[in-house]
Amino acid sequence: MAVLMTILEPFSKIISYAIQNLRLTHKTLVEICNLSGRAFTKERDKLYLGRQIVFDLVQALKFKINVPDVNLLLLVGFLLQDAGGILPPCISGEMSMGESYVHINCNITDCMRQPYLNDILEFLADFHTLSKIKNLKASGTGPGLCEDTIGGVLKGAIAQYLALEMSRGNSKDSRTVSKYLPWLNNAPSSLQQG
C-alpha cells in the first residue's frame with residue numbers, strides 16, 4: 001500500500017504533462033479517475049489524480065499554462081459529464097459504433113466545486129477572455145480549432161457547468177450563489193426595465 005501512495009505524485013505529473021502536450025481521450029480520463037477511486041481507501045488519495053486534472057483545467061482557464069484545444073475541450077466536457085451535463089458530440093464521436101456510453105461518476109466536480117468556483121466566475125465575468133483566447137490561439141504554433149469560436153465554446157461550456165452547480169439546490173451552494181452573484185437576489189429597478 002505504501003508503494004501505491006508514493007506513485008500518486010509522479011503519476012500526477014505525468015498526467016499534467018500529457019494534458020499539456022499529448023492528445024488524450026475521454027475513455028482514458030474516465031479510467032484514470034475511476035480506477036484511482038477504486039484502488040485507494042483514503043478519500044484524499046482517491047481524488048488526487050482528479051484534483052490534478054482539475055488544477056490543469058483551471059490553470060489553462062487562467063492562461064497560466066497552454067493546453068491544446070482538443071484537450072481543453074475534452075477537460076471541459078469531462079467536467080460537464082461528471083456534473084450531469086450532456087457529453088459533447090466531439091467526445092462522443094471518439095466511441096466506436098458498437099460501444100455505448102455509460103455515465104461513470106469520477107468525482108471531478110467534487111474537486112472543482114470548493115476551491116475553484118471563484119476562478120470559474122472570474123473566467124466568465126472577464127470581458128476580455130474571448131480576445132485573450134483568440135490572441136493566445138493565434139500566436140500558438142500548433143494547429144488548433146478556429147480561434148474565433150473556441151472562446152465562445154469554452155465560455156458556454158463553463159457557464160453550463162456553473163448552471164449545473166447552482167441548480168443542485170444545496171444550502172451550501174445557495175450561500176455560494178448569494179456570495180458571488182448577489183445581483184440575482186435584487187429585482188431590477190423600474191428604470192432598468194425600460
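Visitor: Why does V54 count as buried?
Guide: Buried means under 20% relative accessible area, exposed over 50%, and partly exposed in between, with a 1.4 Å probe and protein chains only. V54 has 1% relative accessibility, and therefore it counts as buried. This is a predicted model, in which local features need pLDDT of at least 70 and side-chain atom pairs count only at pLDDT 80 or more, while totals for chains, interfaces and linings use all residues. Residues are numbered from 1 along each chain as its sequence is written, and side-chain values use heavy atoms, with hydrogens and water left out.

Visitor: What does V54 touch, not counting residues up to four places away in sequence?
Guide: V54, which lies in helix α4, touches I108, C111, M112 and Y116. Contact here means heavy atoms within 4.5 Å. V54 and R113 are 59 residues apart in sequence, and their C-alpha atoms are 10.0 Å apart in space.

Visitor: How do you know whether Q52 is buried or exposed?
Guide: The relative accessibility of Q52 is 18%, so Q52 counts as buried. Q52 also has its place in helix α4, and touches S12 and S16 when residues up to four places away in sequence are not counted.

Visitor: Which class of accessibility do F63 and N107 belong to?
Guide: F63 has a relative accessible area of 30%, so F63 is partly exposed. N107 has a relative accessible area of 26%, so N107 is partly exposed as well. F63 is found in the loop between α4 and α5, and its phi is near 65°, a positive value in a residue other than glycine. N107 lies in the loop between α6 (89-92) and α7; its phi, near 60°, is again positive in a residue other than glycine.

Visitor: How many helices and strands does the protein have?
Guide: Its secondary structure comes to 11 helices and zero strands. Helices (H or I, at least four residues) and strands (E, at least two) are DSSP runs, numbered from the N terminus.

Visitor: What makes a set of residues a nonpolar core?
Guide: The residues must be buried Ala, Val, Leu, Ile, Met, Phe, Trp, Tyr or Cys, joined through side-chain atoms within 4.5 Å. The largest such core here has 45 residues, and L57, M112 and L154 have the most contacts inside it. Two or more residues come from each of α1 (2-21), α2 (26-39), α4 (48-61), α5 (69-83), α7 (108-125) and α9 (150-166). The largest share, nine residues, comes from α5. L57 touches L72, L75, V76, L79 and M112, not counting residues up to four places away in sequence.

Visitor: Why are α7 and α9 called oblique to each other?
Guide: Two packed helices are described by the angle between their axes and the distance between the axes. α7 and α9 pack at an angle of about 125°, with their axes 11 Å apart. The axes are lines fitted to C-alpha atoms, for helices over the stretch in contact, and angles run from 0 to 180 degrees between N-to-C directions. Angles under 35 degrees count as roughly parallel, over 145 as roughly antiparallel, 65 to 115 as roughly perpendicular and the rest as oblique. The pair α7 and α9 is therefore oblique.

Visitor: Which residues meet where α7 and α9 pack?
Guide: Among them are M112, L117 and L124 in α7, and L154, I158 and L162 in α9.
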